[in-house]
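This briefing covers a sheet, a helix and the nonpolar cores of one protein model. The sequence and the structure are shown first.

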Amino acid sequence: MQQLSAQDASFVYLETPHTPMHIGSVGIYDPSTAPGGFVRFKDILRFIASRLPGARSFRQRLVRVPFDVDHPYWIEDPEFDLEFHVRHIALPKPGDWRQLCIQVARLHARPLDLSKPLWEFTVVEGLDNIPGLPPGCFALVSKVHHAAIDGMSGVEMSAAVHDLDPSMAEPDKPDSWQPENMPGVADLLTRSYFNNLLQPMRIAETIGRSLPGMAKLAVQAGKGDVSLKNTRTAPKTRFNGKVSAHRVWDAVPFKLAEVRAVKDVVPGATVNDVILTVVGGALRTYLLDKGELPKETLTAMAPISVRQEGEKAALGNLVSAMVVGLGTQIADPLERLRFVHGEAVNSKAMTNAVGARTLADYSKLIPSGLAGLGARLYTRVGAANMHAPAFNCVVTNIPGPRVPLYFCGAKMLAMYGTAPVFDSMGLINPVYSYGDTIAISFTADRDMLPDPDNYAQALRDSFEALKAAATQPAAKPANENKPAPKPRAAAKPRAAKPKTTAKPAARRTPRAKGVK
């Protein structure tokens, strides 16, 4: 048995029928590279079965403590059934992109069964009419509960079911997995009693680690090295209320080389800054069309992984976060990029001052019973409609592989992300890079974003406008190949006209124009 951390448990407490808390991906594959030139569903089942030892999340299920008086536990599921977790459907003809988006949204809107290991794979075949893809492709839509993985450990789970070549070689490591017996109620309550006795010590430890960082942040803010503007609340938008049970999904790919070329125009800017700027431009266009654009900048929460090298295979979430202004109040795309870069630098400085790992541990300060009760009450009373949001959306960047991957011998052609939305945050933009492409996907509440085509087009238009602005001569970094301005010549003084008076007037030297 392994107990969930406070941060992992929070995703369990936030789970409701309207807010399933799983993340996932949509991979698209070409079966022509597989042995024999095709892939059968029974081949997929056999392939996944051979890769189960590669990730612990595959066969671990959740056990909740009665009344949530303590955080839940992971155990090795004694009733594990692979075929429950791997499903198979097909798109009706013609099998186009819009049909796939609708099917992904429907699958994502359905909660996982919390009494089983918290993941599902759905094979979707019939992708026969998508531009840029050969007919006969299939998609693999994955869902994994956020309590089990974050973005970085999700990459590790994805690696378990992918190869670097189409040979489908069996793993050398033998499967030594053993199921566990379900713990009894008395055992769980006894563990909870002793864990709660240690809670004050955990709180004191977390506070003690944070005090030096808080003092450092106060000093830096006093010197003006760090601004506290990132602590402001966000303006209210259509995306910041109570969410429904329905979802929309879409994805827009961009060439990674073009994104990197844009970021080089602003000294110090990163690929992440460019992506945030593109999202800011898309939100500006979308909300302007609705007549709903706030005067203040919208903000995005950007998760930061604090997972260390030796923790890549660990279950759960090891993330902190920073809040960045998106520059939605700025029409010029290049000025928006400069604004976003400044916001990101400031937010990173604030996070580094306190410590990203320490911020991630703040979830330990809330007792498990209160955390679960608070999450349930927040949803039931519709509290999301009663306060200003902490941020308007989420933009999470997950770096992917640069080399081709193969699933059951089929070559991966594209990879996109899916992610949860919840009350007060009805739009999330997972960003996933694969090969020479980086894609901005989005999952949103259907009532808040009823026209996903318009937002997807706004993302395309936002990047094109930013790319055009970055390639103009005026977009070069300041003082680069720019001649110094010529000094203006002083105006010549005009001769004073003599006056016909008894006394000669004293000559007065006129001032040159513009000279005091």
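A nonpolar core is a set of buried Ala, Val, Leu, Ile, Met, Phe, Trp, Tyr and Cys residues joined through side-chain atoms within 4.5 Å; buried means under 20% relative accessible area, with exposed over 50% and partly exposed in between (1.4 Å probe, protein chains only). The largest such core has 49 residues, and L283, Y455 and L459 have the most contacts inside it. The model is predicted, so local features need pLDDT of at least 70 and side-chain atom pairs count only at pLDDT 80 or more, whereas totals for chains, interfaces and linings use all residues. Residues are numbered from 1 along each chain as its sequence is written, and side-chain values use heavy atoms, with hydrogens and water left out.

**Nonpolar cores**

- A second, separate core has 48 residues, including F121, V144, I149 and M301.
- Leaving aside residues up to four places away in sequence, Y455 touches V279, A282, L283, Y286, L427, N429, F442 and L449 (contact means heavy atoms within 4.5 Å).

- Three strands form an open sheet in the order β1-β4-β3, with antiparallel pairing; two strands pair if DSSP finds at least two bridges between them.
- The edge strands, each pairing on one side only, are β1 (2–3) and β3 (60–63).
- Strand β4 (residues 73–76) runs antiparallel to β3 and is joined to β3 by four bridges; E76 in β4 is the bridge partner of Q60.
- D70 lies in the loop between β3 and β4 and is buried, with a relative accessible area of 4%.
- The side chain of D70 makes a polar contact with the side chain of Q3 (3.0 Å); a polar contact is a pair of N or O atoms within 3.5 Å, where within protein one must be able to donate a hydrogen and the other to accept it, and residues adjacent in sequence count only if both atoms are side-chain atoms.

**Helix α4**

- Helix α4 (residues 97–109) is largely enclosed by the rest of the structure, because ten of its 13 residues are buried.
- Among the buried residues of α4 are W97, L100, V104 and H108.
- At the start of α4, a side-chain oxygen of D96 comes to within 3.4 Å of the backbone nitrogen of R98.

**Cysteines**

- The structure holds zero disulfides (pairs of cysteine sulfur atoms within 2.5 Å).
- C101 is buried, with a relative accessible area of 1%, and C393 also counts as buried at 1%.

Technical notes:
Helix = DSSP H or I, 4+ residues; strand = E, 2+ residues; numbered from the N terminus.
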